[in-house]
Amino acid sequence: MDSMLTITDVARRSGVASSALRFYEERGLIASERAGSGHRRYPRSVLRRIAFIVFAQRIGLTLEEIGAELAKLPADRVPSRRDWSRLSGQWTKRIDQRIAELQRLRSGLTECIGCGCLSIDRCSLANPADMAGRKGPGPRYWLG
């Protein structure tokens with residue numbers, strides 16, 4: 001147990017709140033052992049898993065998707081750089097899609113937002129005959 005980290009240590013070293021660590025544990029994304037006092041103790045390798053979780057969330061993976069990815073890691077040893085690379089290498093397409101969506105949103109800041117209001121002069125070009133309005137209220141071009 002001496003090489004194990006307390007939840008406070010893990011929170012400080014990972015930059016993730018203790019409440020989030022408990023939540024990740026409830027979801028099965030990380031695991032702890034209990035000390036004689038009942039307090040959580042984490043292996044040092046949990047820091048890599050937490051970094052992976054944070055990164056995966058930043059690129060848009062859901063916790064369910066993250067759990068499925070983490071389940072692909074070896075249970076009998078600490079994951080290697082190659083293990084991590086194999087998982088994260090599959091995300092390039094997702095990141096590219098996210099970049100394209102953000103670029104589309106950025107260009108939309110100066111164009112009609114698809115609400116059907118026709119209050120911007122450009123709307124008659126981007127939204128002829130109020131086509132967006134027929135799809136319903138709100139930013140229809142952005143809702144998909």
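The following conversation goes through a predicted model of one protein chain.

Trainee: How many helices and strands are there in the protein chain?

Mentor: The chain of this predicted model holds 9 helices and 3 strands.

Trainee: And how do the elements run from the N terminus on?

Mentor: The order is β-α-α-β-β-α-α-α-α-α-α-α.

Trainee: What share of the residues is buried?

Mentor: Of the 144 residues in the chain, 29% are buried. As for contacts between residues at least 6 apart in sequence, 51% of them join residues at least 24 apart.

Trainee: Let us turn to helices H1 and H2. At roughly what angle do their axes cross?

Mentor: Helix H1 covers residues 7-14 and helix H2 covers residues 18-26; their axes cross at roughly 105° and come within 9 Å. Because angles of 65 to 115 degrees count as roughly perpendicular, H1 is described as roughly perpendicular to H2.

Trainee: Which residues make that contact?

Mentor: Ile7, Val10 and Ala11 contribute from H1, while Ser18, Leu21 and Arg22 contribute from H2. Sorted by class, the contact of H1 with H2 has 4 nonpolar residues, 1 polar and 1 charged.

Trainee: Why are both an angle and a distance given?

Mentor: Two packed helices are described by the angle between their axes and by the distance between those axes, so both values are given.

Trainee: Now for tryptophan 84. Where does it lie?

Mentor: Tryptophan 84 is part of helix H5, which spans residues 81-88.

Trainee: Is tryptophan 84 buried or exposed?

Mentor: Tryptophan 84 has a relative accessible area of 14%. Buried means under 20%, so tryptophan 84 counts as buried.

Trainee: What does it touch?

Mentor: Leaving aside residues up to four places away in sequence, tryptophan 84 touches Arg48, Arg49, Phe52, Leu70, Leu73 and Pro79.

Trainee: How far apart are tryptophan 84 and lysine 72?

Mentor: From C-alpha to C-alpha, tryptophan 84 and lysine 72 are 9.9 Å apart in space, and 12 residues separate their positions in sequence.

Trainee: A change of topic: what is the volume of the largest pocket?

Mentor: The volume of the largest pocket is about 300 Å³. Its lining has 18 residues, and those closest to the centre are Ser45, Arg49, Pro74, Ala75 and Arg77.

Trainee: Which helix gives the most to that lining?

Mentor: Helix H3, residues 46-58, gives the most to the lining of the largest pocket, with 3 residues.

Trainee: And how do the lining residues divide?

Mentor: The lining of the largest pocket has 12 nonpolar, 2 polar and 4 charged residues.

Note on methods
Residues are numbered from 1 along each chain as its sequence is written. This is a predicted model: local features need pLDDT of at least 70, side-chain atom pairs count only at pLDDT 80 or more; totals for chains, interfaces and linings use all residues. Side-chain values use heavy atoms; hydrogens and water are left out. Axes are lines fitted to C-alpha atoms, for helices over the stretch in contact, and angles run from 0 to 180 degrees between N-to-C directions. Helices (H or I, at least four residues) and strands (E, at least two) are DSSP runs, numbered from the N terminus. Angles under 35 degrees count as roughly parallel, over 145 as roughly antiparallel, 65 to 115 as roughly perpendicular and the rest as oblique. Contact means heavy atoms within 4.5 Å. Ala, Val, Leu, Ile, Met, Phe, Trp, Tyr, Cys and Pro count as nonpolar, Asp, Glu, Lys and Arg as charged, and the others, Gly among them, as polar. Buried means under 20% relative accessible area, exposed over 50%, partly exposed in between (1.4 Å probe, protein chains only). On a 1 Å grid over the protein atoms alone, a cavity is a set of points where a 1.4 Å probe fits but cannot get out, and a pocket is an open set with protein on both sides within 12 Å along at least five of seven lines; lining residues have an atom within 4 Å of a point. Grid points are joined across faces, edges and corners, and a volume is the space filled by probe spheres set on the points.
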